[in-house]
Structures are given as structure tokens and as C-alpha cells.
Number of protein chains: 2
Amino acid sequence: MSNPINIAIDAMGGENSPYKVIKGIEIHSSNTNNINYNIYGDQKIIEPLLKKSNIKSKIYNITHTENYIKDTDSPLTAAKKGKNSSMWLAVESLKNQESDAIVSAGNTGALFVIAKLNLKMIERIEKPALSALWPNKIGMNVVLDLGANIECNEKNLVDFSLMGSALHKSLFENEMSKVALLNIGSEELKGNNIIKNTYQILNEKKNSLFEFKGYIEGNKIMDGDVNVIVTDGFTGNVALKTAEGTANFITSELKKTMNSSLLGKLSAILNIKNLKKFKNKLDPRLYNGAILLGLDKPVIKSHGSTDEIGFANSLKVSEKIIKGKLIEKIKKNII
Amino acid sequence: MSNPINIAIDAMGGENSPYKVIKGIEIHSSNTNNINYNIYGDQKIIEPLLKKSNIKSKIYNITHTENYIKDTDSPLTAAKKGKNSSMWLAVESLKNQESDAIVSAGNTGALFVIAKLNLKMIERIEKPALSALWPNKIGMNVVLDLGANIECNEKNLVDFSLMGSALHKSLFENEMSKVALLNIGSEELKGNNIIKNTYQILNEKKNSLFEFKGYIEGNKIMDGDVNVIVTDGFTGNVALKTAEGTANFITSELKKTMNSSLLGKLSAILNIKNLKKFKNKLDPRLYNGAILLGLDKPVIKSHGSTDEIGFANSLKVSEKIIKGKLIEKIKKNII
């Protein structure tokens, strides 16, 4: 049997924690094996939850701290006051080689600052990128950067292509990674100089991780023709949030319409199985977890508002990333 | 009775033209009065369609030309070869004071180049902006720039706020225009320097056209708290197209689910009235028409692929813009 994987878990961040975190571990651990969970947080609250769960005591360690970072703390306040916090200690366990990845549902800004303070960047990567999964018609896209860097140069975008493809390959090992640059037209002439130069570099330089597919427009993101979409953090953040807002708008309008008459209500009940299937496909918990790429250990941010199923999914993502040797893939391919 | 409004119409652009154009005029003219339509295109094809329609002959003029700009022409080719084209002649009628606005469903790039060659910019406006309607929970947003300018400075974004509000006020005269800058966070600290500086300018300078509401994130565009959303052409184009792609993705997934079982099909039929209501609310034909703002006459681009109902809606938009004195409003408020 190979060495177990160690996942560091900040148990105290996000809504309804540590309850959902422990429940998430229970779900994840029942579907896998050879994983250790290094749990950081308030032992008085965590231990009773663990005892009540089906999690075997030999697969977790608790490191006790009463200190944790609040969602309202600014990243800098968090970094200053947070050396004994559950988040800091969890990240530190990566630095000390005790854990292979960290998952937290806590304060995003604080997690990234604390990760950058404790962990090293991968050599020759200049900027870390925030990456996440985004559904398309036939599977999943990896999209980055989603907000870590407002402005990016050619080298950053090339790095993002490599890091995003390495992530894609770790998560979906049987698929070919196909990279496209997000732009406002599919013709070569469109876009700013940075995008055009990046196009040239990616078009000329072959690599083992991905196939370069040129530009992609916003309305094609979900078509499934490509699966790694690269952009700067400003555009990526606006695109992701706009998609989120559109999905919410449509589903709430649909709900309103379906319930606006007795006949509508009746047929919605008849159709409830199909509607559920539809809802499941779009369930945001399936895509839960943003990954900060560029550091030499995997840092995974679970949504603060997700539940135990969402948290379990981010644990699955972290497991795949470690088993898929994400960091090694990036290191091997970086220019 | 006041003087009639003259709308110049390029009858030859877009799918299924001039059929849909003439049908669109028929729909529009039956719901309004005191409008003249100056129609440019091939008389041999247009005249029989007009004769068969309910459009009274005294409310239109045809200017014959066999020359028209193809969708595949590059804007420059179009500008060079196009002096006798239906699009060029239609735009020229604005320059000659024969028409008050132009509507075309033809080649977008060509329309903008030909408009810029023939018409003057409004004094002190440096860049034209492409603007369109975007539904929100309680009404409509005006969003700009959607792709005319990849990079924008503070002055451009302030101009877009004024032009977008003037457009909003012309279209929805009883509503208060509320402007927000599209950004990746609602806190004052986020975003690049240009956005932060624009925030300061808009926050300090009061005006009669709109209320400034600060920043807005992509997921809030459809909430209805603001109704004029300002951004550069790169971000705006990506956001608009991403929303379009997301809407298509969700409705096609929904359709697939609803039809995946006999029960689903049955209840979808039962529910067809409600589903239709839903579809109508999201009908893109309602929001048809992009408006190029900044020129001293209104230039309206109808989608190439829309039908007669969509084309009629873009005629309605042009009528509202003229009656609402859009250009005067912009001139009066520009800094």
C-alpha cells in the first residue's frame, strides 16, 4: 500500500462550520481510502462531532486552537493576528511537510495571503492564479484567473495555460486538455496586444500538456469545444460572476412562471423528477472549490456558503490534485 | 400635428432581408403614427413587398440601389466599395438632414465605419460606445461599452455614464437612471486605477441625468438595483456574450431534461402556457438593437439574425430615441 495522503483542513471557516466540515469529511472518507485528515480548530467542538460520526479515529488528527479568522477580517488583519488560527496552522502544516494540500471554507483573501506568506511559489511562476471548474455541454472547463491578478502580461497568461492544463489533467486524466484565450472575437486580429502576443507564443510553442485552440468568445465557453479557458483576473471574475447571475436570474424566473397558475403548479409536480435532474446537473456544489495555482503546494478554497456535500467535493478535488501530481506537472512544463 | 419623424432604413442587410425589414416596418407602423420610413435598397424586390403589405404609400420613400454590403465584407472593403450601397445611402441621409436616425440589420463593422465616416462625433465625446439593453428582475439595463473600445480611460467611462443614462432616460422616461461601474468587488479598493479614478469623478460630480451607485459585480447585473452599467468594450463584450452563452446552455439543458421521459413530455405540454410566458420574458427580440452612442445622430444596429418582430422592436427603439431627444440630452450633460 502506498503512503497515505495528508489533507490539512481548516475546520472553522465558512457558514455552519465545523459541523459541515466534519460531515464533509465523513462523506469523503466513506468513498475513498488511504487518506489522513489533519484537522485544525477548536477541539471542544470538533471532537464530539467526530465521535458521533462514522469517521475512524485512526484517519484523523486534531490540532487544537480556539483562534480562527473571521469572514469580516481583512486579509492583512488576518495575517497579523492569525498565527495561532486554524487557517494559519493548517497552511503551516504544508510548509512543514505534514500535509500535501489544504482545504478551507474560510475567508478567501486571508487564505491567499496566509498561503503566500507560508508557502513558496513554483520556480519561474511570477503570479499565482485563481482557478475553478465551470460546466460545459460535455464536461467541465477549468477557467483561470478568476480574480487573483487584475492585470496580466504574456508570460502570466502562458503560465496560466500550463497551470490550468495541469489542473485539468489531474482532475480528468483521460481527457485531452484544450486551451483557449478568452477574447471578444475569434479572428486573430481582435483583442489587445497582450492577448495577441500570447496567441503567437502559444501557437508556436508545442508542449505535452495541452493543445492550443486559439481564441474563444464568452458565448462559447459552455460549448465544450475547449476545456481550459485562460484570461486575466478582472475579465475572468466578471465572466464567472455574470454567468452565475444569469443562471440565478433564469432559474428564479422559471420558478416564478411555473408557480404562477394552478395548472403550472400541478404540472411542475408531475415533472418534479425531471426538474430535479436538471437542478442536479447545475448544482453548484459539484463545482465547489477554487484552486490557487502557482504555489508549490495545492491550496483549495471551498465556498463559504456551501454545505457538507460541497465541502466533500472540495476534498475530492484536493485528493485528485495530489494523486494527479499537479505540482510536478506544472514544474515539468513551465518555461 | 408636429413634424413627422424620419427613419432611414437599410433594407438589404441581415438574414432574410428585405422581407423581414418590410414586415418589421408593417408591424411598427401599425402601432404608431407620424413616422416616415426612408427605405434604401433594391426597388425591384422591395416595392412588390411594400405593395402587398398594409403600409400606406405616403409614409415611405424608396431610394433604389442594387449595391449592398455583404456580411462577409471587411469594414474597410465595405467603406471603400460601398458609396452606392443601401447602407451608405441610408447613413448619408442623416448627414443630409433627410433622416433622424438609421436602422440596419447589416454588417456591424461596416455600419460603424460608414457611420463614423459620414457623421460627426458629439463635441467633446472622444470615443463612441456600443450600447444595448439587458433584462433585469424589474426592468431593463442599458449596458455599455459592448465592444467598440478595447481600452478606455476615465474620461471615456464618464462619457459612457452620461450617454448610457441619456439613452436610458429616452427609452424609459419615468424611471430614475442609476449608474454603476462594473468591477470585481463592491468595495472601493478593488479594481484597476482607471476604475478607481472614475469612481472618484462620478462620486464627486453631480448631474441631472443619473444617480451614481458605485461598483457592481457581474452576479448583480440582473438584480435591478441599478439600470445603467458602464465598462470598457472588452469586459462588456465578454460579460454580454457570457450571459448569452449561459442562458442558451441552461435553456437547452432544461429542454433536454423535460423531454427525457414520457411523463416529462406530457407535463411539459400541460405547462406549455407557462413555459411560453417564461420564453417571452427572455425573448431576445425584445432587446434587439445595439446603439452606437457618441455620433451626433442615432445609429441603431438590429441583430442580423433577428426576424420581423425583432426588427420592428429596433424601429421602436429608434422612435423612442428621437422622441426622447437622446442627442440633445447627451450634448447638454457632457463635460
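Biologist: What is the mean pLDDT of chain A?
Modeller: The mean is 90, and 90% of the residues of chain A reach 70 or more. pLDDT is the predictor's confidence in each residue, from 0 to 100. This is a predicted model, in which local features need pLDDT of at least 70 and side-chain atom pairs count only at pLDDT 80 or more, while totals for chains, interfaces and linings use all residues. Residues are numbered from 1 along each chain as its sequence is written, chains are lettered from A and ligands numbered from 1 in the order in which they are written, and side-chain values use heavy atoms, with hydrogens and water left out.

Biologist: Which elements of chain A have the lowest and the highest mean pLDDT?
Modeller: Helix H9 (residues 262-270) of chain A has the lowest, 61. Strand E9 (residues 228-230) of chain A has the highest, 98. Helices (H or I, at least four residues) and strands (E, at least two) are DSSP runs, numbered from the N terminus. Chain A has 12 helices and 11 strands.

Biologist: What makes strand E8 of chain A mostly covered?
Modeller: Five of the seven residues of E8(A) (residues 210-216) are buried. Buried means under 20% relative accessible area, exposed over 50%, partly exposed in between (1.4 Å probe, protein chains only). Over chain A, buried residues make up 58% of the 335.

Biologist: How do you know that E7 and E8 of chain A pair?
Modeller: Pairing takes at least two DSSP bridges between two strands. E7(A) (residues 177-182) and E8(A) have five, in the parallel sense. Ser177(A) stands opposite Phe210(A) in E8(A).

Biologist: Why are H6 and H11 of chain A called roughly perpendicular?
Modeller: The axes of H6(A) (residues 154-171) and H11(A) (residues 308-323) cross at roughly 105 degrees and come within 8 Å. Axes are lines fitted to C-alpha atoms, for helices over the stretch in contact, and angles run from 0 to 180 degrees between N-to-C directions. Under 35 degrees counts as roughly parallel, over 145 as roughly antiparallel, 65 to 115 as roughly perpendicular and the rest as oblique. Therefore H6(A) and H11(A) are roughly perpendicular.

Biologist: Which residues of H6(A) and H11(A) meet?
Modeller: Leu167(A), Ser170(A) and Leu171(A) meet Val317(A), Lys320(A) and Ile321(A). Contact means heavy atoms within 4.5 Å.

Biologist: Why do E3 and E8 of chain B stand at the edges?
Modeller: The open sheet runs E3-E2-E1-E4-E11-E10-E5-E6-E9-E7-E8 in chain B, with mixed pairing. E3 (60-64) and E8 (210-216) of chain B each have a single partner strand, so one side of each is left without a neighbour in the sheet.
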